[in-house]
Amino acid sequence: MTRGNSYSSHNRHIAVVIGTRPEIIKLAPLARILGPSARLVHTGQHVDEELSGVFLSGAGLPPPLAVSHVCGETRHAQVGRMVEALGDCFAREAPAAVLVQGDTNTASAAAQAGSYVGAPVVHVEAGLRSFDRAMPEELNRCVIGTLADLHCAPTKAAVANLRREGVPADRITLTGNTIVEATLAAVPGPAEAARIAAGCGAEPGRYVLATIHRQENTDDPRRLRVILDELAKLGLPVLFPLHPRTGDAVRRFGLATALDRLRALPPAGHREFLGLARCAALLVSDSGGVQEECTVLKRPLVVVRNSTERPESVAAGFAHLVQPGPAIGETGRQLLADEGLAARLARTGCPFGDGRASQRIAARLRRYLGEPR
């Protein structure tokens, strides 16, 4: 259903809904452009200081309105409680639009709550599809895609996915991905990045940076052990910022010995992580955001997942999708041995846009709401 301009936006705020680290990072540039008209609403999906607080302060964003606390709950409980809390919030003070980002439980709940109170739903990073229904995020993407009134798609492939699903062309805008400007704004220069690496006991260009946090990898003890074992075989020190979920899984499954062969670090802030990534010889991750950031930083990435909703990174030669197992070590060592790889990636353009996605989204949203530029 398209509500269009029948839902009056006069003197109303835009609810910018966040709940996780990626949403904070990717929506910060857009929130700054929207200025006073943007009201941050936090669902409490991530409330850890290392996954939320440091990213809010680092992005220079004002304290958000907190509407719930669902960290650590089951997925269905999270979504149900967030829909109720957000619906109550939107009903008390109706927003001109509800803006959601990506494919988290927060984004799905906010899209549902906004639709239930009659507010237009704007989806940033719309149209990504893995076509893998076993991926929890794929279900969220499909739900949001059905409910959204305005789809801000990061790539032509995302636009094509939406068109195949029957979304009218006038409700889709090709914007690029806000991760590009977020990365360019936060990445430290070469000297600072080298100092960050040295502070972790690593020599620039002589280490691997790895992150693992996805449910498909952390909830299976055999799979997680294989990943840790293969990382240890790459032939270089492996810096391993430890996501809370991964740390819990390591303790629960008795994998401390496997983890000890890596250099486990506390979760890194965005700028610190980008500094480490900039100086790394190789990235290994199951993160969606890292699949985008590597194309800005021009670094090779081994993606440890069953499937990906970001085939653009693979097609451009930055990312290499592998299943947990010997392919992690084999692919990683091949990339490390490729002497011409760094130069090729440096010449390869970023497939996620030119760093002006937030400007395009803000302009399209204002036109949609009938406001002046």
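**Close-up views of a predicted model**

**View 1. Helix α10 on the sheet.** Helix α10 (residues 221-231) lies across β8 (208-211), β9 (238-241), β11 and β12. It runs at about 145° to β9. Axes are lines fitted to C-alpha atoms, for helices over the stretch in contact, and angles run from 0 to 180 degrees between N-to-C directions. Contact means heavy atoms within 4.5 Å. Helices (H or I, at least four residues) and strands (E, at least two) are DSSP runs, numbered from the N terminus. The model is predicted: local features need pLDDT of at least 70 and side-chain atom pairs pLDDT 80 or more, while totals for chains, interfaces and linings use all residues. Residues are numbered from 1 along each chain as its sequence is written, and side-chain values use heavy atoms, with hydrogens and water left out.

**View 2. The open sheet.** Six strands line up in the order β10-β9-β8-β11-β12-β13, with parallel pairing. Two strands pair if DSSP finds at least two bridges between them. β10 (263-265) and β13 (319-322) stand at the edges with a single partner strand each, so one side of each lacks a neighbour in the sheet. Neighbouring strands are turned by 20° against each other on average, direction ignored. Helix α14 packs on this sheet and touches β8, β11 and β12. Its direction makes about 170° with that of β12.

**View 3. Strand β12 and its partner β11.** Strands β11 (residues 282-285) and β12 run parallel, joined by three bridges. Serine 285 stands opposite valine 303 in β12. Both faces of β12 (residues 301-304) are covered. Leu301 and Val303 are buried on one side, Val302 and Val304 on the other. Buried means under 20% relative accessible area (1.4 Å probe, protein chains only).

**View 4. Helix α7 against helix α14.** Helices α7 (residues 179-186) and α14 (residues 288-297) pack at about 60°, with axes 10 Å apart. That angle makes α7 oblique to α14. Angles under 35 degrees count as roughly parallel, over 145 as roughly antiparallel, 65 to 115 as roughly perpendicular and the rest as oblique. Ile179, Val180, Thr183 and Leu184 in α7 meet Glu292, Glu293, Val296 and Leu297 in α14.

**View 5. Leucine 255 in its loop.** Leucine 255 lies in the loop between α11 (244-253) and α12 (256-260). At 2% relative accessibility, leucine 255 counts as buried. Neighbours within four places in sequence aside, leucine 255 is in contact with Pro221, Leu224, Arg225, Leu228 and Val250. The C-alpha atoms of leucine 255 and glycine 114 are separated by 42 Å, at 141 residues apart along the chain.

Conventions:
Buried means under 20% relative accessible area, exposed over 50%, partly exposed in between (1.4 Å probe, protein chains only).
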